[in-house]
Amino acid sequence: MEIRNAATFVKVVEYNNFTKAAESLGYSQAAVTAQIKALESELGVPLFDRIGRGISLTQEGREFLPYAINLLNAEEEARNSVRQPGELTGDLKICSASSYAMGPLPDILLKFMRENPGVNVTLKVSDYLEDTIPRLNRGEIDFLVCMDEENAFPQFTNINAKEEPIIFVTYPDNPLAKKKKLKAADVIGDRFLTPDRDIGYCAILERELRSRGIEMGKTIEIGSVGAIIRMLLDGYGTSFIPEYTAAEYLQSGELVRLNVSDIKIKLCSYFLCSRERWINPVMKAFIKTITA
């Protein structure tokens, strides 16, 4: 089996499109089509269903995908085995929740890239697990960085889970900032800024509020924690965000933490990878970085 054909197959799966896969590989679309047909002929089964202009993996294609990925990983390991120490090369693909991508992740990536300058790093940002978890299962990304409740992902290998406080925060001149103790009902008001209410820690907050008979009601929903922090710094509103996203502003006094006594939510940050993946040298190096 030609490794080149397996690599093309994985790339087509990643893009779910022959044309985009061809562009990324520097091939013509005809060459990609020929390689996939050659692979299907060798395996004796169709790997894709062609429906109109779209494609989807057949059952056989889904079953073959982890083997194709392992084949590429084995090739990469073989190449790295004969290189001198310090010459690690390859690709690292990460998808991260947006709040973590603006929090601890950049420092982790900078450390990794300084130690491994020959590795190509790709970081995608998404907060929608219904999209990112299938990509992790298919091997399109090496690690998924997300936040959720404790023991939320038993089906994956979890590296370096860490508890992450989620806090109520506002600007210093807000009258709420002068009060030593608050209830959630005092903070959830007309100027409450929230990321997407349907997912993540905001969905958990709303669930906790309802369990106490509190309705979140009217909010200002903004899909960017960075934008929320910008509005708080400009003297508008209150919010509920991961502590690490506001740490530097809390330390400088530009933002203040609100002491809300009846809601305490602590989530965990996770670096997830598929249990079916072979941990290649690049992934091992990244694991070493995040567990150091």
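Which residue in β4 does leucine 92 stand opposite? Valine 121 in β4. I will come back to that pair after some background.

This is a predicted model, in which local features need pLDDT of at least 70 and side-chain atom pairs count only at pLDDT 80 or more, while totals for chains, interfaces and linings use all residues. Residues are numbered from 1 along each chain as its sequence is written, and side-chain values use heavy atoms, with hydrogens and water left out.

First, the overall picture. The protein chain has 12 helices and 11 strands. Both are DSSP runs numbered from the N terminus, helices being H or I of at least four residues and strands E of at least two. Along the principal axes, the C-alpha atoms fill a box of roughly 70 × 50 × 30 Å. Of the 292 residues, 45% count as buried, where buried is under 20% relative accessible area, exposed is over 50% and partly exposed lies in between, using a 1.4 Å probe and protein chains only. Contact means heavy atoms within 4.5 Å. Among contacts in the chain with a separation of 6 or more, 73% come from residues 24 or more positions apart.

Now back to the opening pair. Two strands count as paired if DSSP finds at least two bridges between them. β3 also pairs with β5, residues 143-148, again in the parallel sense, over three bridges. In that pairing, serine 96 stands opposite valine 145.

Next, strand β6, residues 156-170. How many bridges join β6 to β11? Nine, and the two strands run antiparallel, with β11 covering residues 265-274. Threonine 157 has cysteine 273 in β11 as its bridge partner. β6 is also joined to β9, residues 238-242, by five bridges, and these two run antiparallel. Isoleucine 167 stands opposite isoleucine 241 in β9. With β10, residues 256-258, β6 pairs in the antiparallel sense over three bridges. There, phenylalanine 168 has leucine 258 as its bridge partner.

Helix α6, residues 105-115, packs against α12, residues 281-291, at an angle of about 130°, with the axes 10 Å apart. The pair is therefore oblique. For the terms: axes are lines fitted to C-alpha atoms, for helices over the stretch in contact, and angles run from 0 to 180 degrees between N-to-C directions. Under 35 degrees counts as roughly parallel, over 145 as roughly antiparallel, 65 to 115 as roughly perpendicular, and the rest as oblique. α6 passes α12 in a right-handed crossing; right-handed means that the near helix is turned clockwise from the far one by less than a right angle, and left-handed means anticlockwise. From α6, Ile108, Leu109, Lys111, Phe112 and Glu115 meet Val282, Ala285, Phe286, Thr289 and Ile290 of α12. By class, the residues of this contact are seven nonpolar, one polar and two charged. Nonpolar covers Ala, Val, Leu, Ile, Met, Phe, Trp, Tyr, Cys and Pro; charged covers Asp, Glu, Lys and Arg; the others, Gly among them, are polar.

The second pair is α1, residues 3-15, and α2, residues 18-25, packed at about 125° with axes 8 Å apart. These helices are therefore oblique to each other, and their crossing is right-handed. Thr8, Lys11, Val12 and Tyr15 in α1 meet Phe18, Lys20, Ala21, Ser24 and Leu25 in α2. That contact has five nonpolar, two polar and two charged residues.
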